[in-house]
Amino acid sequence: MSALIEVDGIGKNYGNVVALHDVSTVVNAGEVTCVLGDNGAGKSTLIKILAGVHQHDSGRFLVEGEEVRLGSPRDALDLGIATVYQDLAVVPLMSVWRNFFLGSEPTVGFGPFQRLDRRTGRETARKALADLGIDLRDVEQPVGTLSGGERQCVAIARAVHFGAKVLILDEPTAALGVKQAGLVLRHVAQARDRGLGVVLITHNPHHAYPVGSRFLVLKRGASLRSAEKKDITLEELTRQMAGGAELEALEHELREVSSP
Amino acid sequence: MTTLDERVAQNGLVSRLIVRPEIGALIGALAVFVFFSIVADKFLTAAGVATWLDDSATLGIMAVAVALLMIGGEFDLSAGVMTASTALVTAILAVEVGLNVWLALLLSLVFALGVGALNGWIVVRTGLPSFIVTLGTFLALQGLNLGITRLVTNSVQVSGMRSTDGYESAGFVFASTFQVGDTPFQISIVWWLGFAALAAWVLVRTKFGNWTFAVGGSAPSARAVGVPVRRTKILLFMTTAAAGWLVGSINILRFTTVQANQGIGLEFQFIIAAVIGGCLLTGGFGSAIGAAIGALIFGMARQGIVFANWNSDWFMLFLGIMLLGAVLVNNTFRRRAERVRR
Ligand SMILES: Nc1ncnc2c1ncn2[C@@H]1O[C@H](COP(=O)(O)OP(=O)(O)OP(=O)(O)O)[C@@H](O)[C@H]1O
Ligand SMILES: [Mg+2]
């Protein structure tokens, strides 16, 4: 059986900025592929290629064994790849349920009389959010009035609801408190156990390690380490991320700062 | 699993305070109505009502279309002059070329849709502000209106629609009157109300309406979840142009004459009516019914001041105050809805 997603030596430039160079990884059904790395390492760039927002300049991108080039996020969605972006891709002034269904609205009627199925929309959104443990009293309220964690959950619930095969999450835990981050990670594990392939982007090895099956560490657009869970420990992963010697230098610096 | 409950309760209250965008305009319209009913005797007579509804109607058609476009995050400064361009195209084709009025109207509609599509296409392709792009179209159309009219007729107007083929039937559709009691009301009022109702339905009940709010509220987010942002915006520009055609057709068939310099300056009235009706200048929020009510306020005040025998200078003062009030109210709504909470 071929992998849900496979990238092979993929690269991307923004003008003369090399954002990504020769990166390879796979995403299998029922597994979580974690992408780690510092700010500007190219994590968002990688998943934007997978999500159809950007196109790769080199290398190969395969979905279920077929080489593809996604022209738009719509193409990715049609292949069953759903994404929760770092900036969440919600429209703050629109209501929760309208955001939930944006781009995939349920309708009734035909031809010129086709209209939104508002009741189904509201009920489905409410239920999908309740499944994530978010009990919104009013799905008509603008998304802009929700807290950061709630907004994250709306975006995740939407992706889980529409993402048939692959769920991509760009730093879903970055803005969250400990409890809400735990909640989000639990849903990542749930999605994995339901047979979805998950791509989890994060800064935090402590978030990645418990749920991850495979780890890809990026640094300045290049692959620093790619490992199966059995081949790497949390300590090793943490050290890789900070870049060994650099971490020691940082510890040294921090000691100097804290001792007046 | 219930860690969020207290916050949800708070948010529910906040959201309940955010009322519909047209509420402010509705209150304003009531106030203006009551005020002029008291100060001007003729205001509440059947003839008076017919007059201010007529004044509101063509403005209202445009305000509704411009509101849709503004909700979609764009402006169209060529909308005012478009009402003259389409009337001129129809008149020249019917009077000078000798086409049947219906055919002339059809070709004029094609012209309008073409200009609308061009506006939209340039805006989505270049990413330039529509303010600048449509300012260019505005100037270009203004020049074309004068230049071509002068070339064809050696004057700056086209007249003589009354003697053209199909004038009777087209006039019936676009420029007839209907009786309520013994007072004639313009058919444009029906077009206005019908168009506003249709636009309101499209906006809140259809996919396209949902996409309109989304492309105006956050175009990158809309694109990321699969909304065809470019198509939506281009269609909105085309809708505005088509509304310009409707108003141009109503005008040319009613007055049978069109001046080549007509329509200039109206574009700001459309935007003002839409803003009074609750549209945000930044897009993503507003209402079609609100824009129709904004136009009604406009018409009532403009004619009310005439009925009250005041100098029409006061209208501008009134307009300025209405606009400022509306912008302040709208801004409060937006800040409530957009406030980033953690
Ligand atoms: N649209 C763009 N145009 C030009 N350069 C870009 C663009 N997007 C990203 N970059 C650059 O590409 C590099 C990788 O950016 P990317 O957003 O993928 O990083 P990241 O790993 O997601 O970082 P963070 O952890 O801060 O989210 C950065 O140097 C960034 O400045
Ligand atoms: Mg990023």
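Me: How far is an oxygen atom of ligand 1 from an N or O atom in the side chain of A:H203?
Reply: The model is predicted, so the distance is a computed one. A pair of N or O atoms counts as a polar contact within 3.5 Å. The pair formed by the A:H203 side chain and an oxygen atom of ligand 1 is at 3.2 Å.

Me: What share of ligand 1 does the protein bury?
Reply: Taken alone, ligand 1 exposes 630 Å². Of that area, the protein buries 61%.

Me: Which residue has a backbone N or O atom 3.0 Å from an oxygen atom of ligand 1?
Reply: Two further contacts involve oxygen atoms of the ligand. For A:N39, a polar side-chain atom lies 2.9 Å from an oxygen atom of ligand 1. The backbone atom at 3.0 Å belongs to A:G42.

Me: Which helix gives the largest share of the shell around ligand 1?
Reply: Ligand 1 is surrounded by 13 residues, and the closest are A:N39, A:G40, A:K43, A:S44 and A:T45. By class, the shell has 3 nonpolar, 7 polar and 3 charged residues. Its largest share, 3 residues, comes from residues 43-50 of chain A, which is helix α1.

Me: Which helix supplies the largest share of the nonpolar patch?
Reply: The patch lies on the surface and has about 810 Å² of accessible area together, with B:V34, B:F35, B:W310 and B:W314 among its residues. In chain B, α2 (23-39) and α14 (313-338) each supply at least two residues of this patch. The largest share, 4 residues, comes from α2(B).

Me: Is B:L317 buried, partly exposed or exposed?
Reply: B:L317 is one of the patch residues and lies in helix α14 of chain B. Buried means under 20% relative accessible area and exposed means over 50%. The relative accessible area of B:L317 is 46%, so B:L317 is partly exposed.

Me: What is the phi of A:D22?
Reply: A:D22 sits in strand β2 (residues 17-27) of chain A. Because its relative accessibility is 46%, A:D22 counts as partly exposed. A:D22 is not a glycine, yet its phi is positive, at about 50°.

Me: Where in chain B is B:N309 found?
Reply: B:N309 also has a positive phi, near 60°, and is a residue other than glycine. Its relative accessibility is 71%, so B:N309 counts as exposed. Its place in chain B is the loop between α13 (288-307) and α14.

Conventions:
Residues are numbered from 1 along each chain as its sequence is written. Chains are lettered from A and ligands numbered from 1 in the order in which they are written. This is a predicted model: local features need pLDDT of at least 70, side-chain atom pairs count only at pLDDT 80 or more; totals for chains, interfaces and linings use all residues. Side-chain values use heavy atoms; hydrogens and water are left out. A residue is near a molecule or strand if one of its heavy atoms lies within 4 Å of it. A polar contact is a pair of N or O atoms within 3.5 Å; within protein, one must be able to donate a hydrogen and the other to accept it, and residues adjacent in sequence count only if both atoms are side-chain atoms. Accessible areas come from the Shrake-Rupley method with a 1.4 Å probe; for residues, only the protein chains shown count as cover. Ala, Val, Leu, Ile, Met, Phe, Trp, Tyr, Cys and Pro count as nonpolar, Asp, Glu, Lys and Arg as charged, and the others, Gly among them, as polar. Patches are made of residues with over 30% relative accessible area and no salt bridge: like charges are joined within 9 Å, nonpolar side chains (Val, Leu, Ile, Met, Phe, Trp, Tyr) within 5 Å. A salt bridge is a side-chain nitrogen of Lys or Arg within 4 Å of a carboxyl oxygen of Asp or Glu. Buried means under 20% relative accessible area, exposed over 50%, partly exposed in between (1.4 Å probe, protein chains only).
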